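Please walk me through this protein model. I would like the overall picture, then some helices and residues.

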Amino acid sequence: MDDLHSTTPRRPDPYRWVIVLSASAMLAVAMGQLVNGLSAFFTPLEETEGWSRADIALINSAGLIGLALGGIAMGWLADRVDARKVILTGALVTGFCVTAAGFATALWQLYALFFVAGALGGGALFAPLFALVGSWFRTGAGLAIGIVSAGQAMGQGGIPFANALLIESLGWRGAFVAIGLASLAILVPLALLARAPRRAGPAAAQVAETPPAVPTPVVVALMSLGVVFCCALMSVPLMHLAPLVELCGASGAEAGSVVLVMMIAAIAGRVAFGKLADMIGALPAYLAASAWQTAFVFLFVRIDDISLFYLFAPIYGFGYAGVMTGVLTSIRTLIPAARRAGGSGIIIAFAWGGHGLGGWLGGLFFDATASYELTFAVAAGAGVLNLAVILLLGWLVIRPCRGTGPRMAGGLAV
């Protein structure tokens with residue numbers, strides 16, 4: 001019988017796990033640099049170039065703004081052209097921009113380089129890679145996305161630590177050149193592995209989706225607002241924990257290792273909160289992770305001993321990590337498939353914008369007060385605002401379901 005009319009389920013292509021592992025490694029390298037890899041450069045740039053901490057933090061913010069804008073554009077492009085070309089472009093741009101940063105002679109050059117690295121580098125990797133991974137899985141996509149997300153978490157811990165070691169050996173310029181060349185050597189071969197799944201014939205008719213409990217524009221608007229506050233909080237420890245630890249007398253490498261320990265715990269947290277989302281719903285899991293990071297973030301400035309940082313950082317990191325898993329699973333649950341890509345691009349753009357805003361404000365407040373007390377207090381306040389937005393969205397989701405009996409609605413077990 002013609003294969004197109006066969007009802008026998010097609011065996012999953014094992015190559016999908018090559019896609020998962022390569023995407024995980026690529027996001028570890030690229031996002032580790034663009035999200036918080038610059039945290040190791042605060043003190044060296046401040047001491048050698050005389051730049052303020054707010055000005056240095058703005059380098060990271062420029063990269064995240066580029067990532068936000070580029071993610072929308074490059075995600076749209078990846079749906080219309082060969083995704084491998086987009087991903088390869090991202091690999092090349094990321095490596096070349098970071099390498100070029102080692103030759104910068106003015107602060108504005110670093111702003112420009114990291115903006116381009118975010119827009120055409122990370123932007124061409126983040127959304128296209130997650131979309132590519134999802135396209136290989138009809139079932140079990142949550143686990144695959146969790147593995148990719150966990151790889152990103154590992155990079156966000158490993159890259160700052162590696163940068164700290166490179167700075168001690170090569171100076172800040174040599175560190176940029178070394179990590180940039182290493183990025184090219186790792187990212188380009190992995191990008192060449194990317195390909196779309198084979199389609200033997202027309203897709204089976206889609207099962208009708210349950211009508212969304214909340215209109216998609218409302219979900220996108222509320223989640224976009226929430227992630228600005230959520231990620232503004234999140235960026236403060238990611239960008240400023242290492243320099244905070246250095247204020248307590250630790251070396252750059254020791255401070256970077258605290259971030260590494262936090263991000264190792266985050267790998268487990270992303271998997272655990274993914275399981276929690278399966279048990280209680282995506283939105284409650286997102287709420288739990290957000291409450292965790294909000295409750296614990298200010299305690300960082302109450303620690304003045306390196307050994308206590310090593311104990312507390314993984315506790316914070318385990319819970320904070322569930323936020324990204326919660327965002328991705330909530331998007332998947334609350335937005336219909338036909339509108340999910342566009343909605344995801346907008347929400348994630350606001351998330352990167354919140355990251356950039358929080359990191360820059362953290363440096364600005366430190367410059368004004370010579371302390372991180374206000375920085376971490378404002379971060380906790382942003383977390384409270386995010387919790388209010390999540391609770392409002394949860395109320396809107398559950399409101400139409402009252403009196404209908406137990407069922408799953410929009411990521412809530414009701």
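**Ground rules.** This is a predicted model: local features need pLDDT of at least 70, side-chain atom pairs count only at pLDDT 80 or more, and totals for chains, interfaces and linings use all residues. Residues are numbered from 1 along each chain as its sequence is written, and side-chain values use heavy atoms, with hydrogens and water left out.

**The whole protein.** The protein has 14 helices and 2 strands. These are DSSP runs numbered from the N terminus: helices are H or I with at least four residues, strands are E with at least two. Of its 414 residues, 54% are buried. Buried means under 20% relative accessible area, with a 1.4 Å probe and protein chains only. Among contacts with a separation of 6 or more, 83% join residues 24 or more positions apart. A contact means heavy atoms within 4.5 Å.

**Two helices by length.** The expected span is 1.5 Å times one less than the number of residues.

| Helix | Residues | Number of residues | End-to-end C-alpha span | Expected span |
|---|---|---|---|---|
| H10 | 282-296 | 15 residues | 22 Å | 21 Å |

Buried residues of H5 include Leu107, Leu110, Tyr111 and Phe114. In H10, Tyr286, Ala289, Ser290 and Gln293 are among the buried ones. An α-helix has 3.6 residues a turn, so residues three or four places apart point the same way.

**A helix pair.** The axes of H1 (residues 15-34) and H6 (residues 126-135) come within 10 Å and cross at roughly 165 degrees. Therefore H1 is roughly antiparallel to H6, a term for angles over 145 degrees. Axes are lines fitted to C-alpha atoms over the stretch in contact, and angles run from 0 to 180 degrees between N-to-C directions. On the H1 side, the contact includes Ile19, Val20 and Ala23; on the H6 side, it includes Phe126, Leu129 and Phe130.

**Two residues.** Is Ala242 buried or exposed? Ala242 is buried, because its relative accessible area is 6%. Ala242 lies in H8 (residues 216-247). Beyond four places in sequence, Ala242 touches Ser39, Ala255 and Val259. Ser39 is 203 residues from Ala242 in sequence, yet their C-alpha atoms are 6.4 Å apart.

Ser257 sits in H9 (residues 252-280). Ser257 counts as buried because its relative accessibility is 13%. Leaving aside neighbours within four places, Ser257 contacts Phe161 and Tyr310.

Technical notes. Buried means under 20% relative accessible area, exposed over 50%, partly exposed in between (1.4 Å probe, protein chains only). Angles under 35 degrees count as roughly parallel, over 145 as roughly antiparallel, 65 to 115 as roughly perpendicular and the rest as oblique.
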